[in-house]
Amino acid sequence: MLAPLTGGGNLPFRRLCTEMGADVTVGEMAVVKKLLGGSPSEFALLKSHPDERRFGVQLADKRTETLVEGARLAESRGARFVDLNCGCPIDQITRRGLGASLLRKPAKLGRLVAAMKGAVSIPVTVTLRAGWHEDKVNVSDVRGRVRRGAPARSRSTDAPASSGTARRPTGSSSGRSRRSGECR
Ligand SMILES: Cc1cc2nc3c(=O)[nH]c(=O)nc-3n(C[C@H](O)[C@H](O)[C@H](O)COP(=O)(O)O)c2cc1C
């Protein structure tokens with residue numbers, strides 16, 4: 001599986017990875033608000049190559065109505081699954097309440113996922129971190145809540161708690177565009 005890589009996981013790169021054996025591919029994180037605003041560069045993130053037989057679109061947003069719209073859009077553009085980004089730690093994203101900051105409100109997150117799942121017939125997945133902060137490792141709670149709505153893709157390799165250096169999502173991105181910002 002090729003994990004989502006903002007700033008790197010574009011269509012030609014994914015095609016190469018598919019040729020080299022990647023069975024499941026995920027697009028670069030798409031901000032739903034920008035999609036609904038008609039941004040051509042954001043729409044480009046929904047495109048896949050026919051060789052990508054299991055291509056998923058990853059979405060970032062925090063509102064039920066917009067996420068439902070985003071999930072429907074992804075499905076209508078051919079995505080085989082849709083993933084909700086709850087892992088991106090960069091300030092540019094978390095200060096808007098997106099990405100990893102969704103982990104702060106597990107009950108709300110559970111409702112968001114349930115709404116997405118109810119809106120599409122493709123699978124809905126969720127990318128999680130161990131927690132928002134080293135003192136707030138709540139992946140079990142979050143996983144329990146989202147499971148009622150979706151399977152969780154737990155990112156154990158880079159989850160803050162697994163390294164013993166759990167961190168508040170960091171990575172000041174001032175002066176960098178989102179596409180060049182790292183979302184890991
Ligand atoms: C440059 C870069 C961009 C990333 N962009 C995203 C992203 O948009 N969404 C996401 O969920 N994870 C993103 N990640 C995290 C990766 O998908 C992956 O989970 C992480 O690199 C850990 O996997 P690894 O141990 O194989 O590197 C990004 C990572 C990097 C290095």
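Helices (H or I, at least four residues) and strands (E, at least two) are DSSP runs, numbered from the N terminus. The model is predicted; local features need pLDDT of at least 70, side-chain atom pairs count only at pLDDT 80 or more, and totals for chains, interfaces and linings use all residues. Residue numbers start from 1 along each chain as its sequence is written.

A residue is buried if 20 or more other C-beta atoms lie within 10 Å of its own, exposed if 12 or fewer, and partly exposed in between, with C-beta atoms placed from the backbone.

| Helix | Buried | Exposed, other side |
|---|---|---|
| α4 | Leu-67, Gly-70, Ala-71, Leu-73, Ala-74 | Glu-65, Ser-76 |
| α6 | Leu-109, Gly-110, Leu-112, Val-113, Met-116 | Ala-107, Gly-118 |

The buried residues of α6 fall within an arc of 160 degrees seen down its axis, so they line one face of the helix. The arc is that of the directions from the helix axis to the C-beta atoms. These buried residues of α6 pack against α4, β4, β5 and α7. After α4 comes Gly-78, with a positive phi near 100 degrees.

Cys-86 touches, among others, Leu-109 and Val-126 (contact: C-beta atoms, placed from the backbone, within 7 Å), not counting residues up to four places away in sequence.

Definitions and conventions. Contact = placed C-beta atoms within 7 Å.
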